[in-house]
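Walk through this chain with me.

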Amino acid sequence: MINIQSIGFVADVKLENFIENKLGKIMKLNSDVAGAEVFLRVEKSDITENKVVEINLDIKGADVFAKKQSKTFEEATDLAVDALRKQVVKHKEKLRAK
């Protein structure tokens, strides 16, 4: 299950679908992924890269987390999902080595 929380604004359906699609691919990578908690936030600053995405994956035996900041939520999501994918693969390899 994917839980998306937008803090201080309402995320549109298109953005939520984009995030669910991206995380769905990671969940297929590893059957141990039970769910994801996603937080979307706009930092109050003068820079254009003020969109923050935090994703916490619920995986058996591991805490997998990524936080990325970018100009758009989609771009930040892509960066966070890439970081998570690497962590999930590394976790899977560790389990295989045991």
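**From hairpin to fold**

Strand S3 (residues 51-59) pairs with strand S4 (residues 62-70) in the antiparallel sense, over nine bridges. Pairing here requires that DSSP finds at least two bridges between the strands. Asn-56 has Phe-65 in S4 as its bridge partner. Two residues sit between the strands of this hairpin, and Gly-61 takes a positive phi near 80°.

This is a predicted model: local features need pLDDT of at least 70 and side-chain atom pairs count only at pLDDT 80 or more, while totals for chains, interfaces and linings use all residues. Residues are numbered from 1 along each chain as its sequence is written, and side-chain values use heavy atoms, leaving out hydrogens and water.

Now the whole chain. It holds two helices and four strands, in the order β-α-β-β-β-α from the N terminus. Helices (H or I, at least four residues) and strands (E, at least two) are DSSP runs, numbered from the N terminus. The radius of gyration of the chain is 14 Å, close to the 13 Å that the globule rule gives for 98 residues, so the chain is as compact as a globular protein of that length. That radius is taken over C-alpha atoms; the rule is 2.2 Å times the number of residues to the power 0.38. The C-alpha atoms fill a box of roughly 50 × 25 × 15 Å along the principal axes.

Of the 98 residues, 33% count as buried, meaning under 20% relative accessible area with a 1.4 Å probe, protein chains only. Among contacts (heavy atoms within 4.5 Å) with a separation of 6 or more, 47% join residues 24 or more positions apart.

Notes. Buried < 20%, exposed > 50% of the residue type's maximum accessible area, 1.4 Å probe, protein only.
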